[in-house]
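Please look over this model with me before we discuss it. Keep the sequence and the 3D view side by side.

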Amino acid sequence: MFGWFRRKKARPQEGLQEGAEPAAAPEAEAGQAPQPEMAPPEAGREALEPPETAAEAEQEEIEREVQEERRGFFRKLRESLGRTRSGLVSKLDRLVLGKRQIDDELLDELEEVLITSDLGVPTTQRLIDAVKEKVRRRELSDPDRLKAALQDEISAIVALETAPLDVDAARPFVIMVVGVNGVGKTTTIGKIASQLTGLGKRVLLVAGDTFRAAAGEQLEIWAERSGAEIVRQKSGADPSAVAFDGMKAALARDMDVVIIDTAGRLHTKAPLMEELKKIRRVVGREIEGAPHEVLLVLDATTGQNAISQAKLFNEVVGLTGLALTKLDGTSKGGVVVAIADELKLPLRFIGVGEQVDDLKPFIAEDFVAALFGNGNNVASRDSQ
């Protein structure tokens with residue numbers, strides 16, 4: 001997964017253009033003793049530092065920036081999951097209040113709480129079975145510890161052991177983005193492009209959504225905003241032809257990353273889904289191994305319907321990752337757990353707002369801590 005921060009460029013000396021040499025010190029007048037050069041205090045200390053110490057200091061500064069950005073996003077994630085938390089955790093608190101033992105009646109009520117929190121029937125059954133097993137082994141008997149036990153089980157579900165998204169694994173690294181209409185697909189592409197160009201990557205956007213008149217224009221705005229390049233054709237053009245041109249352009253322009261937008265389509269419409277297969281074939285023919293990532297964008301507000309979307313898209317194009325948007329506007333954040341449990345696909349990104357920095361790589365431990373309303377200082381731990 002690429003970084004949580006953008007490296008800051010060193011500022012050029014004040015009054016100088018980047019790349020210009022600093023002015024030479026004036027020569028001493030005749031008969032006057034030359035004055036010793038006076039270095040700024042900070043520069044003098046840096047000059048005395050061994051290279052290893054300077055490198056370590058720079059690395060520590062980078063790590064501080066990473067942690068501060070992660071803490072900021074965690075606070076926003078915790079706030080965004082407030083409605084989900086009130087529907088799940090608050091109900092759990094009320095459920096165990098005054099209870100002295102974990103019995104069948106309590107487990108039945110727990111099942112209802114989990115299902116109504118959008119964890120879905122299969123995931124709910126898995127969690128109930130895990131609780132029953134702990135009760136049977138006498139590892140769990142106190143209702144007050146039920147919430148902590150559930151948090152541990154949910155953490156195990158969402159912490160999938162999958163390879164991270166590595167855009168340096170191929171050059172160009174091709175990402176094909178799919179999804180139904182209205183999930184925030186084009187906006188997600190723009191945000192990813194902005195983060196990648198901020199890391200110094202050469203990014204090419206391919207406007208493969210030729211059906212929606214405004215789609216190409218919207219992607220062009222994101223390309224300009226993010227500093228990416230773009231390949232597009234007129235509205236109504238063959239999406240596969242646009243993808244073909246995009247692959248040729250990526251090779252000719254020596255791009256690092258290519259992100260292909262595709263038309264939003266209902267996952268139940270077979271002819272439209274067949275077009276995705278064609279785009280994938282064309283891309284793979286032009287660049288070996290491409291697309292290296294097939295990313296499905298899902299809308300968190302759709303709840304369990306997101307799972308059925310993912311299953312059908314996976315059958316057609318073979319998904320490798322997911323991005324979940326609009327977590328800030330829903331009480332259905334529990335669907336993240338169901339997605340991880342049922343699909344076993346890595347959740348690459350989560351979105352909690354409209355700003356570019358509101359889309360971030362998914363970190364399982366942060367999500368669970370935010371969901372259960374604890375871990376205010378979660379990012380102070382090692383983020384690696």
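1. A caution to begin with. This is a predicted model. Read every value below as computed from that model.

2. Start with helices α7 and α8. Helix α7 covers residues 185–198, and helix α8 covers residues 215–226. Their axes come within 9 Å and cross at roughly 15°. Angles under 35 degrees count as roughly parallel. The two helices, α7 and α8, are therefore roughly parallel to each other. Their crossing is right-handed. On the α7 side, the contact is made by Thr186, Thr187, Ile189, Gly190, Lys191, Ala193, Ser194 and Thr197. Helix α8 supplies Gln218, Leu219, Trp222 and Ser226. By class, this contact of α7 with α8 has 4 nonpolar, 7 polar and 1 charged residues.

3. Now turn to α3 (residues 82–96) and α4 (residues 104–116). Here the axes come within 10 Å and cross at roughly 170°. Angles over 145 degrees count as roughly antiparallel. So α3 and α4 are roughly antiparallel to each other. Leu88, Lys91, Leu92 and Leu95 of α3 make the contact with Leu106, Glu109, Leu110, Val113, Leu114 and Thr116 of α4. The residues of this contact divide into 7 nonpolar, 1 polar and 2 charged.

4. Next, the peptide bonds. Most peptide bonds are trans. Which residues does a cis bond with omega of about 0° join? They are Arg171 and Pro172. Pro172 sits in the loop between α6 (146–158) and β1 (173–178). A cis peptide bond also joins Ala290 and Pro291, with omega of about -10°. Pro291 belongs to the loop between α10 (270–286) and β5 (293–299).

5. Most residues other than glycine have a negative phi. Arg138 is not a glycine, yet its phi is positive, at about 60°. Look for Arg138 in the loop between α5 (121–136) and α6.

6. Rolling a probe the size of a water molecule over the atoms shows where empty space is left. How many cavities of 30 Å³ or more are there? The count is 1. The largest cavity holds about 60 Å³ of space. Its lining is made up of Ala207, Asp209, Thr210, Arg212, Ala213, Gly216, Arg232, Gln233 and Ser235. By class, the lining of the largest cavity has 2 nonpolar, 4 polar and 3 charged residues.

Note on methods: Residues numbered from 1 in each chain as written. Predicted model: local features only at pLDDT ≥ 70, side-chain atom pairs only at ≥ 80, totals over all residues. Heavy atoms only, no water. 1 Å grid on protein atoms, 1.4 Å probe; cavity = no way out; pocket = protein on both sides within 12 Å on 5 of 7 lines; lining within 4 Å. Points joined across faces, edges and corners; volume = space filled by probe spheres on them. Nonpolar A, V, L, I, M, F, W, Y, C, P; charged D, E, K, R; others polar. Axes fitted to C-alpha atoms, helices over the stretch in contact; angles between N-to-C directions. Helix = DSSP H or I, 4+ residues; strand = E, 2+ residues; numbered from the N terminus. Parallel < 35°, antiparallel > 145°, perpendicular 65-115°, else oblique. Left-handed = near helix turned anticlockwise from the far one by under 90°. Contact = heavy atoms within 4.5 Å.
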